[in-house]
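Reader: I am new to this structure and would like to learn how to read it. Could you show it to me, and then take me through a few features one by one?

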Amino acid sequence: LSGGAMSALPERQADKWIAQREAALNADYSMLQRPKTPPDIKETYAIGARCKVEPGSRRGEVAYCGNLTGLGTFIGVKLDEPLGNCDGTFVDGNRYFDCQGDKYGTWARPGDVEVGDFPPEDPFADLSD
C-alpha cells in the first residue's frame, strides 16, 4: 500500500499486512540462499570419480571440488564429450583443472553432480556395421 492508504487501514489490518509482506520477503530471500556445503564434500566428490552432470546427463570425472572466489562450492568436471562450457578455467580467469580442450570442462553445484558408475558412453554403439 502506498501513500495515505496505509493510514486508512485499522491498526490490526495494517499489522497483519506488514506481517504477510515480511513473511513473503523472507521466503523469497531463503530461495536465493545456497545450501551449506556438506562436511564430507571432498570424499563424496573425490578427484577422479566418475559422475553425471545435470542438465543433460553429461558424463565425465570429477577434476576439482572446492570453494571458488567466495561464490560457494563448485565441482569441476572433465567431460567425456565436448558438451561443456570451459576448458577448466573458472569465471575468475584461473584454471583449476586441465581437460582435452574447449568445451570438455564444466562447473556445477554439488546438487547437479551425481557420483557413481557412469562409464564413458560409446556414441556409435547403436550403429550397425
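Reader: Let me start with Trp107: is it buried or exposed?

Author: Burial is judged by relative accessible area: under 20% is buried, over 50% is exposed, and in between is partly exposed (1.4 Å probe, protein chains only). Trp107 has 14% relative accessibility, so it counts as buried. Before we go on, please note that this is a predicted model, where local features need pLDDT of at least 70 and side-chain atom pairs count only at pLDDT 80 or more, while totals for chains, interfaces and linings use all residues. Residues are numbered from 1 along each chain as its sequence is written, and side-chain values use heavy atoms, with hydrogens and water left out.

Reader: Thanks! How many aromatic pairs are there?

Author: A pair of aromatic rings is described by the distance of the centres and the angle of the planes. Rings of Phe, Tyr and Trp (its six-membered ring) pair if their centres lie within 6.5 Å; planes under 30 degrees apart are stacked, over 60 edge-to-face, and the rest tilted. That rule gives 7 aromatic pairs. In one of them, the ring centres of Phe90 and Tyr96 are 6.4 Å apart and the planes stand at 85 degrees, so this pair is edge-to-face. Phe90 is buried, at 6% relative accessibility, whereas Tyr96 is partly exposed at 27%.

Reader: Which ring does Trp107 pair with, edge-to-face?

Author: Phe90 is the partner, with 5.1 Å from centre to centre and 80 degrees between the planes. Phe90 sits in the loop between strand 3 (73-79) and strand 4 (105-108), and Trp107 in strand 4, so the pair ties together parts 17 residues apart in sequence.

Reader: You mention strands. What is the order of the elements?

Author: Helices (H or I, at least four residues) and strands (E, at least two) are DSSP runs, numbered from the N terminus. Here there are 3 helices and 5 strands, and from the N terminus they run α-α-α-β-β-β-β-β.

Reader: Which residues make up the largest nonpolar core?

Author: In soluble globular proteins, nonpolar side chains tend to be buried together. A nonpolar core is a set of buried Ala, Val, Leu, Ile, Met, Phe, Trp, Tyr and Cys residues joined through side-chain atoms within 4.5 Å. The largest one has 12 residues: Ile41, Tyr45, Ala49, Cys51, Val53, Val62, Cys65, Ile75, Val77, Leu79, Ala108 and Val113. Strand 1 (50-53), strand 2 (58-67) and strand 3 each supply at least two of its residues, and strand 3 gives the most, with 3. A second, separate core of 8 residues includes Ala63, Tyr64, Phe90 and Trp107.

Reader: And Arg58, where does it lie?

Author: Arg58 lies in strand 2 and is buried, with a relative accessible area of 14%. Contact means heavy atoms within 4.5 Å. Not counting residues up to four places away in sequence, Arg58 touches Cys51, Lys52, Val53, Leu79, Leu83, Gly84 and Thr106. From Arg58 to Leu79 is 21 residues in sequence and 7.0 Å in space, C-alpha to C-alpha.
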